[in-house]
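User: Hi! Could you walk me through this structure, one local feature at a time?

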Amino acid sequence: MTQPLFPQMAHALFAGLAPDIAVKEIGAGRLPSCFAVDDLAIGSIKLAALEIAAATGASSVTLDKRLSQLWFDMTLRPNGWRIPSAWDDLAGVYQTCDGWIRLHTNAPHHRAAALNLLKCPPTKSAVSSAVKTWEKDTLEQAIVTARGAAASMRSMSDWRAHPQGQAVAQEPLISWQSSEIDAPKIDLKGLRILDLTRVLAGPVATRCLAGFGAEVLRIDPPDWEEPGLVPDISIGKRRAALDLKAAKDRSVFEHLLRRADMLIHGYRPDALVRLGYGPEERLALNPYLMDISLNAYGWTGPWANRRGFDSLVQMSCGIAHEGMQRAGGNRPNPLPVQALDHATGYIIAAAAAHAIRLRRDRGKIMSAQVSLARVGHLLTSGGSHHEMAGDIIAEDRYYLPEATVWGPAHRIKFPFEIDASGPNYPYQAGPLRMDPAVWA
């Protein structure tokens, strides 16, 4: 059965070009949210499945709706070892003198920015006391100005009236750009994807694409870590380190970019420009490059360059406030999963496969832009009338054994099969920066 959010996503991608793929849907379940998170999970994963099927010449898709919901959360369960928490000990929501704010302190420089501004010891209680002396919007702006990451809680009506909320509402779900150059045909199998993404939408996308034939090379700076997420999202990819501020590493990066088929990146819109790799420079290095980019708060409006993450966007766009109101609570109540990240990831995977198909069939070079905030707008535009009953518990029968670099584990079965086959990952999950920065 077609999900309510699926037609909007499909229209944004297909524009009347939807492939004739037979779809069988099985399974059922609910996620506990007042928003249609179930439909967002099923619809975005279904979109990716359809486009990957079309890009690989397949004729059928089997989609498990319950597994789709479960894949919007952590999928890996270690056996005899432990995955660290995905959250820093100071990250979370705090009460201000006039409302609530969420601090995102997972990155050391974001943590330092908040602590330097609050002038308090690095403890939860000290931060809580310091935050209570601030107005929420004033503190949000001060942290952002200090190059930190934070978001005050707004209602849905506040966000609709906000200049950034208005800008996002006018953006397409996927913004497409087309090059006039004729390009050689290409397939998903063996497609070289240079992956410049982190936490979490981009890694979800490249994990999916790696399972269906793409050669994914993830590049991280020498000091970046995300130990709470890497075991879950690193499967299928090779992972290397480059410092794009160092001349030697820049030369290596440019060589990789010249030989890449696709670049997927999640840097803020001005970040690659400041590194000397803006759109014109990338085009000069590789005129056949398919470019897919994502950001947090949209591509137009005053916050287009703002740092952001799923949890922050949920605070900004009214999701956490609406959840609080619907639950009758007195503190922010976000979605039960990082749904904006995961949905955006599968929309990126679908856009990538769609771009491959258009290049194969028409010789067109297509690039795309997506954002967490626009996916949030898609979710909230349907209202918040859904019951909050459901769960995110994966039963033991859903898990399959998997080897990782850290040791044995079990992973939830993948939510879709294409022509009766699921993903085939060429590399085990493992730490960042363990591979050379070369194409295999």
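**A walk through the model**

Analyst: Gladly. The place of tryptophan 406 is the loop between β14 (399-403) and β15 (408-412). Please keep in mind that this is a predicted model.

User: Which residues form a nonpolar patch on the surface, and what is their accessible area together?

Analyst: Tryptophan 406 belongs to this patch, along with Val405 and Met434. Together, the accessible area of Val405, Trp406 and Met434 is about 260 Å².

User: Turning to arginine 154, where is it, and is it buried or exposed?

Analyst: Arginine 154 sits in the loop between β6 (150-152) and α7 (156-161). The cut-off for buried is under 20% relative accessible area. Arginine 154 comes in at 8%, so the answer is buried.

User: What does arginine 154 touch, and with which side chain does its own side chain make a polar contact at 3.0 Å?

Analyst: Not counting residues up to four places away in sequence, arginine 154 touches Asp137, Glu140, Trp159, His162, Trp303, Met315, Ser316, Gly318 and His321. The polar contact of 3.0 Å is made with the side chain of serine 152.

User: How many salt bridges does the structure hold, and how far apart are the closest N and O atoms of arginine 360 and aspartate 361?

Analyst: The structure holds 24 salt bridges. Aspartate 361 is partly exposed, with a relative accessible area of 48%. Its salt bridge with arginine 360 has closest N and O atoms at 2.8 Å.

User: Which residues do salt bridges that share partners join into one network?

Analyst: Arginine 154 comes back here, as one of the members of this network. Joined through shared partners are Lys136, Asp137, Glu140, Arg154 and Arg306.

User: How many residues apart in sequence are the parts tied together by arginine 111 and aspartate 88?

Analyst: Arginine 111 and aspartate 88 form a salt bridge, with 2.8 Å between the closest N and O atoms. Arginine 111 lies in helix α4 (residues 108-118) and aspartate 88 in the loop between β3 (76-78) and β4 (92-95), so the pair ties together parts whose separation in sequence is 23 residues.

User: For helix α2, what is the distance between the end C-alpha atoms, and how many residues are buried?

Analyst: Helix α2 covers residues 37-55, and at 1.5 Å a residue its 19 residues should span 27 Å. Its end C-alpha atoms are 27 Å apart, which agrees. As for burial, α2 is mostly covered, the count being 19 of its 19 residues.

User: Which helices do the buried residues of α15 pack against?

Analyst: The buried residues of helix α15 (residues 319-327) are Ile319, Ala320, His321, Glu322, Gly323 and Met324. After α15 comes glycine 328, with a positive phi near 70 degrees. The packing partners of the buried residues of α15 are α7, α14 (310-316), α16 (339-362) and α17 (372-380).

User: Which residues does a cis peptide bond join, and what is the phi of valine 199?

Analyst: The cis peptide bond joins valine 199 and leucine 200, with omega about 0 degrees. Valine 199 lies in the loop between β8 and α9, and at 23% relative accessibility it counts as partly exposed. Its phi is a positive value in a residue other than glycine, near 20 degrees.

User: Finally, where is aspartate 291, and which side chain joins it in a polar contact of 2.9 Å?

Analyst: Aspartate 291 is found in strand β12 (residues 290-295). With a relative accessible area of 11%, aspartate 291 is buried. Its contacts beyond four places in sequence include Leu263, His265 and Met366. The side chain joined to it by the 2.9 Å polar contact is that of arginine 282.

Conventions
Residues are numbered from 1 along each chain as its sequence is written. This is a predicted model: local features need pLDDT of at least 70, side-chain atom pairs count only at pLDDT 80 or more; totals for chains, interfaces and linings use all residues. Side-chain values use heavy atoms; hydrogens and water are left out. Helices (H or I, at least four residues) and strands (E, at least two) are DSSP runs, numbered from the N terminus. Buried means under 20% relative accessible area, exposed over 50%, partly exposed in between (1.4 Å probe, protein chains only). A polar contact is a pair of N or O atoms within 3.5 Å; within protein, one must be able to donate a hydrogen and the other to accept it, and residues adjacent in sequence count only if both atoms are side-chain atoms. Contact means heavy atoms within 4.5 Å. The expected span of a helix is 1.5 Å times one less than its number of residues. Patches are made of residues with over 30% relative accessible area and no salt bridge: like charges are joined within 9 Å, nonpolar side chains (Val, Leu, Ile, Met, Phe, Trp, Tyr) within 5 Å. Accessible areas come from the Shrake-Rupley method with a 1.4 Å probe; for residues, only the protein chains shown count as cover. A salt bridge is a side-chain nitrogen of Lys or Arg within 4 Å of a carboxyl oxygen of Asp or Glu.
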